[in-house]
Amino acid sequence: MNKHSSLRSASDLEARGLIAPAERIGIEEVARRFSVAITPAMADLISGPPPEDPIAAQFVPDERELVFSTDELADPIGDEAFSPVPGIVHRYPDRVLLKPLHICPVYCRFCFRREMVGPEGENLTNAELEAALAYISGNSAIFEVIITGGDPFALSPRRIRRIVEALSAIEHVGVIRFHTRVPVVAPERVTTELVESLASDKAVFVALHTNHVRELTPAAREACTRLVKAGIAMVSQSVLLRGVNDTPEALTELFRALLTLRIKPYYLHHGDMAKGTGHFRTTIAKGQALMRELRGNLTGLGQPTYVLDIPGGHGKVPIGPGYVEKTGEGYEVTDPRGGTHAYGVNG
C-alpha cells in the first residue's frame with residue numbers, strides 16, 4: 001500500500017497500524033455497510049486508537065457503528081421528501097441544496113448522509129445537472145444555493161466553474177455557498193485553479209467542516225488562507241461529538257483557531273440520528289451546558305449557533321441554553337457566570 005494513497009479497506013487500515021489484526025473481520029463488516037476512506041493528511045495525524053484519538057475517532061471505522069437504536073434513521077434529516085428533482089433538496093423557501101455528487105475524500109463515521117454517500121455514488125449527469133439548475137432558475141424565491149453532496153470540492157475545478165457560472169447567471173440567486181471538508185482533509189486540492197473556479201460577482205461563501213483543532217494543520221491553514229485572500233468569505237460548521245470535542249477547552253481552542261484564520265464559527269450541530277452513530281451523540285443538556293460555558297469565556301465572534309436538525313425533515317432550530325424567564329410582570333435574566341437578575345416590565 002502506498003503511504004500517499006487514501007485508506008479504503010480494513011486491510012489498508014491494518015497495514016497502516018490503525019486497527020489490530022483481531023479487529024479486521026469486524027471492521028470489514030462495518031465497511032460492507034458504510035463507506036471507508038481516510039486521506040493521507042488525516043492518516044498522518046492519527047496517533048492512537050479511536051477511543052483515545054480525536055482524529056481516529058472521526059475516521060477509523062468502529063464496530064459500534066453496527067449497533068442501531070430504534071430512533072436512528074437512514075435519512076435522519078429528511079432529504080428525500082424535499083427533493084423535487086435529482087440533486088436538489090428544497091426544504092426552506094429561500095434556499096436549496098444542490099448535490100452534484102455523492103462522493104467525499106473522507107467518510108466521517110458520524111455522517112448524517114452515511115447511507116447515501118460512498119465510492120458507488122455517482123455525479124449528476126449533465127442532463128440531471130441542467131435540470132437542477134433549471135429548477136433553481138425557475139423558482140424566484142431561491143436566494144441562496146448551498147452546494148454540498150458528497151463534497152463539492154472533490155469535483156474538478158472545471159466542473160465547479162461550470163456550476164458557479166451557471167448560478168451566477170441566475171438573477172435572483174444572491175449567495176452561493178459550498179460545504180466542504182477538503183481544505184482540512186485534502187488541502188493539496190485547494191489549488192490556484194480551484195480557487196479561481198469560485199470567482200463570481202455573487203457572494204460566494206465556503207463553509208468548512210472541522211471538529212477539532214488538530215485538523216487545522218499548517219497545510220490546512222494555508223489552504224484556508226488561500227481562499228480568504230481570494231475574497232471568499234468563510235464560515236465553519238462543526239458537530240458536537242462525544243470524546244472528540246465535547247469539552248469547553250476543545251471547543252474554545254477550535255473556535256479561536258478558526259477566528260485567527262478569519263473563519264467565523266457558524267453552526268455547532270447536535271449529532272443527527274444517523275444509524276450506528278449513538279456512541280458519538282451527547283445529550284442536548286450537555287451541549288447546552290457547553291454553550292453556556294463558552295458564553296462567559298469566549299468572544300462573541302467565536303460563538304456558533306448550537307442547532308438541532310429535527311428528524312423527519314422538519315428543519316433546523318437553535319437549541320442553545322435560555323437566559324431569560326418570565327416571572328410575574330417582569331423577567332429573570334441569567335448572566336454568563338450563572339448569576340440571576342431581575343429585569344423590569346418595560347423590557
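This is a predicted model: local features need pLDDT of at least 70, side-chain atom pairs count only at pLDDT 80 or more; totals for chains, interfaces and linings use all residues.
1. Leaving aside neighbours within four places in sequence, Gln58 is in contact with Tyr107, Cys108, Arg109, Phe110, Arg181, Asn211, His212, Glu215, Leu241 and Val244. Gln58 is found in helix H4, residues 54–59.

2. Is Gln58 buried or exposed? Its relative accessibility is 0%, so Gln58 counts as buried; the cut-off for buried is under 20%. One polar partner stands out in the list of contacts. The side chain of Gln58 makes a polar contact with the side chain of Glu215, at 2.9 Å.

3. Now the sheet. Nine strands form an open sheet, in the order E1-E2-E3-E4-E5-E6-E7-E8-E9, with mixed pairing. Strand E1 (88–92) and strand E9 (315–318) are the edge strands, and each pairs on one side only. Neighbouring strands are turned by 25° against each other on average, direction ignored.

4. Strand E8 (residues 305–310) and E9 run antiparallel, joined by four bridges. Asp309 stands opposite Lys316 in E9.

5. Two helices to check against the sheet. Helix H6 (residues 157–168) packs on it, touching strand E2 (95–98), strand E3 (144–147) and strand E4 (175–180). The direction of H6 makes about 150° with that of E4. Helix H11 (residues 284–297) also packs on the sheet, touching strand E7 (263–269) and E8. The direction of H11 makes about 160° with that of E8.

6. Last, the core. The largest nonpolar core has 85 residues, and Phe178 and Leu198 touch the most other members. Not counting residues up to four places away in sequence, Leu198 touches Phe153, Ile160, Val164, Phe178, Val204, Val206, Leu227 and Ile232. In soluble globular proteins, nonpolar side chains tend to be buried together.

Conventions. Residues are numbered from 1 along each chain as its sequence is written. Side-chain values use heavy atoms; hydrogens and water are left out. A nonpolar core is a set of buried Ala, Val, Leu, Ile, Met, Phe, Trp, Tyr and Cys residues joined through side-chain atoms within 4.5 Å. Buried means under 20% relative accessible area, exposed over 50%, partly exposed in between (1.4 Å probe, protein chains only). Contact means heavy atoms within 4.5 Å. Two strands pair if DSSP finds at least two bridges between them. Axes are lines fitted to C-alpha atoms, for helices over the stretch in contact, and angles run from 0 to 180 degrees between N-to-C directions. A polar contact is a pair of N or O atoms within 3.5 Å; within protein, one must be able to donate a hydrogen and the other to accept it, and residues adjacent in sequence count only if both atoms are side-chain atoms.
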